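Here are a few notes to read alongside the structure. Have it open while you go through them.

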Amino acid sequence: MQHWQATGWLIAGEWRAHPVRIGLAVLAIAVGVALGFAVHMVNSAALASFGRAVASVQGRADLAVRARSAAGLDEALYPRLARLPEVQAISPVVELPASWGRLARPGSQARGGRFTLIGLDPLRALRVTPGLVGLSRAGQSGVGSRPTWQGDAVWLSPALQRATGLQPGDAFTLTAAGRQARFTVMGRLASAGDEAQMAVIDISEAQWRFGQVGRLQRLDLKLAEGAGARLAVQAALPADAVLATPEAEASRADALSRAYRVNLGMLALVALLTGGFLVWSAQALSVARRRPQFALLGVLGLPRAGLVRQLLAEGLLLGLVGAALGVALGHGLAALVVDRFGGDLGGGYFNRAQTRLGFDLAAAFGFGALGLVTALAGSIAPALAAARTAPAQALKGLGDVPDPATAPRAWPSLALLAAGGLAALGPALWGLPLLGYAAMALLLAGGVALMPALARLLLAPLARRGSAWLPLDLAVRRLWGVPQAAALALSGIVASTALMVAMAVMVASFRQSVDDWLIAVLPSDLYLHLEAAEAGGLAPADQARLAQVPGLESVRFQRVISVRIASDQPAVAVMAQSGDLTMPLTAAADAAAPAGTTRALISEPLAWLYGWRVGEVHSLVIGGQQRRLYVAGTWRDYARQWGAIMLPLADYRRLTGDVTATEAAFELKAAADAQTVQAALQAALPAAVQGQAQFGRPAEMRAVALTIFDRSFAVTYALEAIAIIIGLIGVATSFSAQVLARMREFGMLRHVGVPRRQILQMLGLEGAGLGLIGALSGLSLGLVMALVLVRVVNPQSFHWTMDLALPWPLLAGLVAALVICAGGTAVIAGRRALGGQALLAVRADW
Amino acid sequence: MRPDTPSAGPAVAAPVLAATVPAAPVLSAVGLTRAVPLAGGGRRTLFSGVSIALAPGEVVAITGESGVGKSTLLNVIAGLDMADAGEVLIGGRNVAGLAEPARAALRATALGFVFQAFHVLPHLSLARNVALPCLLAGMNAADALARAEATLAEVGLAGRGPDWPAVLSGGELQRVAIARALVHRPGLVLADEPTGNLDPETAGRILHLLLAQARDRGAAVLIVTHSEMVAAAATRVLRLSAGGLLPS
């Protein structure tokens with residue numbers, strides 16, 4: 001027990017003597033914990049809000065039968081299912097993507113928005129999904145003297161009511177399935193929750209006004225007790241219906257953003273990892289400086305285990321303070337981020353949902369514990385090294401002098417690097433690139449551990465040759481002779497540079513690939529896209545009218561629908577395109593499509609998610625029937641993370657009978673003015689869809705896409721910047737600690753006649769040399785890690801590939817900044833160390 | 001309380017070894033041999049067949065040329081280094097037969113140390129520096145600090161307990177080191193060139209203080225030195241050479 005008292009005195013003394021160094025180590029842990037915790041809080045809050053929004057739209061039924069696509073199901077299924085003894089109650093639902101006002105691109109002033117339009121039979125719905133039924137305050141199905149469930153009645157969810165600003169009695173004009181209709185707001189759907197943007201009308205109105213007669217998108221079911229109920233329903237389903245359990249819906253909501261969330265979380269942990277390196281570096285330097293003190297304690301009777309306990313207790317305290325601070329900071333940061341960027345941190349996944357931030361105690365403990373473990377892990381190696389030191393040697397100041405004749409061992413580092421290489425070859429686990437991240441961690445650890453051997457190897461030629469200029473000669477010999485000490489300072493530079501380079505290269509590669517892809521997929525002069533037009537777009541007459549607009553050379557129409565292949569995955573986009581399928585392909589089949597199949601192209605994410613390969617034949621339910629598709633090629637698609645299939649429009653129309661179009665690409669005549677043609681096209685559109693129409697020219701669409709890209713990566717850049725700052729702080733503290741620890745050496749040099757100026761030059765060269773070795777090593781390591789990010793982590797997370805692009809000016813600037821920072825820090829610390837104390841230091845005790 | 005140190009705990013009342021085994025020597029070393037590895041391979045013998053015994057209260061000086069192994073001999077006696085042959089008994093316990101924690105406990109209770117470079121911890125107050133051995137020997141903090149203040153007073157630093165080491169002169173620092181070596185009342189004090197960093201006048205005063213304080217507590221003192229003044233103050237002087245430890 002008394003050993004602990006002694007430990008307490010020693011730790012308090014050390015912290016009092018070096019508050020800045022200790023404070024920085026605490027801050028490094030705090031920042032790492034704060035980032036991890038904040039990202040987790042925002043993600044879980046956003047996911048929970050999104051989940052609540054989805055649940056609101058579904059009305060919390062036991063089970064739902066969903067149409068595979070927005071085209072819906074034949075309503076004959078409704079009586080068939082209603083007759084099943086396992087079904088207690090059933091409620092047919094029309095569910096359509098809809099819009100109000102005028103939809104606009106980001107930055108525009110126009111007001112409007114998307115929402116989900118639900119058509120219900122209120123009497124049926126009351127038994128299955130009562131939350132979706134709009135009631136008057138008195139609980140009657142009427143407001144005032146108006147019969148509520150007739151004609152033009154509409155109930156709005158609280159979120160939609162807020163967005164539109166409408167009150168009961170106001171008129172509400174909305175567009176769905178290419179048609180516009182006017183309703184009267186009857187009230188608010190109180191039980192819809194705060195998140196869902198939805199409106200409810202009578203089912204017959206929905207079918208009649210929006211061209212859905214005989215069609216349903218969903219059937220909500222209340223099942224009888226018993227294990228076989230789901231199976232019985234499943235057995236009764238046609239090919240174009242899919243059973244959606246609450247679990248599958250939750251899993252789909254999770255799948256929507258899982259990879260993005262995990263990647264952000266991993267980035268946050270990178271900052272914590274960098275903090276761990278900083279703790280290690282601070283502790284290792286502190287141990288090196290205090291080695292004679294520890295030796296004295298050993299002589300006085302402190303056992304080795306007691307010394308290890310003392311140093312681990314120091315690490316634990318650092319971690320505890322850092323973790324507590326980090327959790328508090330993280331909560332504040334999460335609140336700020338949700339307020340500024342929304343629940344998806346700018347990722348664009350949950351833009352319909354409002355995010356409510358809570359405090360997750362378990363996660364707070366979890367991330368706090370992670371901070372503690374990091375701080376402890378950073379303390380273990382220095383503690384064991386201190387315990388191994390022979391006290392008698394260390395007391396004479398000999399124990400910490402490495403023998404320049406002994407070469408640092410390289411094999412443990414090479415083993416770590418090899419293990420990292422092997423891990424990078426591994427597959428995704430649970431749909432996530434966990435082995436890829438393990439590979440990056442192993443590469444980083446191996447690269448940092450290789451520093452002493454590498455520094456020795458790189459400096460050997462300079463050390464052999466020597467230099468006539470004394471400062472350079474002394475600097476090189478010091479770095480070559482004591483590479484272990486250099487490695488301590490280098491670890492921070494190498495770790496932060498490598499992580500920074502890896503992220504910068506990945507983002508640059510992604511951005512370049514997205515830009516190239518945009519140019520490739522936008523070959524036309526002008527594009528038209530109808531928002532929220534899944535259930536129906538431009539009729540053939542509308543298409544013909546558009547095609548006759550003056551100034552057009554040619555037009556290609558496209559119909560896009562969403563189709564569910566698996567109930568627990570987000571729907572894939574089926575894109576039927578007129579003319580030839582002319583996408584730039586990443587793989588193509590040699591053979592022609594077999595008889596009885598339809599030629600189709602698939603996107604990379606679809607190939608990855610569903611295991612479809614070029615040359616194979618697969619089934620897809622479109623037009624209510626299983627169709628056989630021949631996969632003729634794959635194309636790179638960054639727009640639809642959950643997969644897309646492209647078919648010839650003629651085949652799609654033949655298979656489905658759906659002759660509408662939701663998109664069009666226009667080639668203009670050479671003399672035509674794009675602005676004039678766009679105005680003419682807008683005028684030629686039917687009035688019902690004019691508010692949904694969005695025109696775009698390739699240049700501006702590219703600019704908007706890249707703006708969205710940069711906004712999505714804004715958080716990434718912020719996390720990266722924090723990792724860099726932590727790394728640079730590590731460099732500064734390492735150098736100043738090492739320089740101050742060498743005061744006796746400087747005193748000796750002054751005594752033998754080396755002027756102060758030359759000592760500062762020597763320190764500057766040492767610092768710059770270390771910075772250069774560290775930055776170049778970090779650059780090399782970072783490029784390897786970038787390869788893992790580009791070739792392993794991204795494909796496994798988002799299921800798309802990209803080309804490697806190296807932002808050389810940025811990388812060169814980074815290396816230069818690190819060299820200048822390292823050299824400058826060394827000189828500044830040197831000035832402090834040489835401020836009169838050095839001459840006395842040769843006689844000092846320690 | 002540690003089971004392997006019967007004299008540890010609140011009863012650090014001294015002199016531990018003398019009280020336990022009054023008639024036995026404080027230190028008994030027999031046939032000690034130590035060789036060190038050479039850079040080019042092979043080994044160089046520092047000393048061989050060294051035997052020495054110290055009675056309670058005895059002051060023995062060991063002299064010899066630089067590099068002959070005087071400090072190494074002290075380290076072997078303290079259990080900080082291991083002899084290649086021979087055995088060291090402190091209070092009747094074979095040091096080489098003890099595990100590292102037990103050797104550390106033995107040093108904490110039975111030995112005091114004074115060094116040429118004073119080795120006073122810069123970030124602890126003088127009182128805490130002096131109280132450290134008591135804590136390591138198992139005493140509670142309040143008692144340890146009270147005894148440290150008293151011992152500081154005995155070495156001429158009364159009321160200086162709260163001061164920091166940075167404000168002390170070399171002579172004062174060595175007084176602190178002497179207080180630290182004796183505060184837990186060990187049976188044996190090992191001193192390695194205790195006056196080597198001091199001017200002759202201060203050295204004389206410090207030596208006198210060390211020997212007087214040790215004598216008052218009945219502790220034996222084994223001093224390694226080059227100083228004739230120190231050797232002259234010892235009750236016995238032995239010279240270490242490759243041939244062994246012989247009377248000077």
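1. In which sense do strands E3 and E8 of chain B pair, and over how many bridges? Keep in mind that this is a predicted model. Strand E3 (residues 59-63) and strand E8 (residues 220-224) of chain B run in the parallel sense, joined over four bridges. For a spot to look at, find Val59(B), which sits opposite Val221(B) in E8(B).

2. Now zoom out to the sheet. That pair belongs to an open sheet of six strands in chain B, ordered E6-E7-E8-E3-E9-E10, with mixed pairing. Strand E6 (111-114) and strand E10 (244-247) of chain B are the edges, each pairing on one side only. Ignoring direction, neighbouring strands are turned by 20° against each other on average.

3. The sheet has a helix on it, too: H6 (residues 170-182) of chain B packs there and touches E6 and strand E7 (188-192) of chain B. The direction of H6 makes about 170° with that of E6(B).

4. Next, a helix pair. H4 (residues 126-136) and H5 (residues 141-154) of chain B pack at an angle of about 120°, their axes 8 Å apart. H4(B) and H5(B) are therefore oblique to each other, and their crossing is right-handed.

5. Who meets whom there? From H4(B) the contact includes Leu126(B), Val130(B) and Leu135(B); on the H5(B) side, Leu145(B), Arg147(B), Glu149(B) and Leu152(B) are among the partners. By type, the residues of this H4(B)-H5(B) contact split into 11 nonpolar, one polar and two charged.

Definitions and conventions. Residues are numbered from 1 along each chain as its sequence is written. Chains are lettered from A and ligands numbered from 1 in the order in which they are written. This is a predicted model: local features need pLDDT of at least 70, side-chain atom pairs count only at pLDDT 80 or more; totals for chains, interfaces and linings use all residues. Axes are lines fitted to C-alpha atoms, for helices over the stretch in contact, and angles run from 0 to 180 degrees between N-to-C directions. Helices (H or I, at least four residues) and strands (E, at least two) are DSSP runs, numbered from the N terminus. Angles under 35 degrees count as roughly parallel, over 145 as roughly antiparallel, 65 to 115 as roughly perpendicular and the rest as oblique. A crossing is left-handed if the near helix is turned anticlockwise from the far one by less than a right angle, and right-handed if clockwise. Two residues are in contact if their C-beta atoms, placed from the backbone, lie within 7 Å. Ala, Val, Leu, Ile, Met, Phe, Trp, Tyr, Cys and Pro count as nonpolar, Asp, Glu, Lys and Arg as charged, and the others, Gly among them, as polar. Two strands pair if DSSP finds at least two bridges between them.
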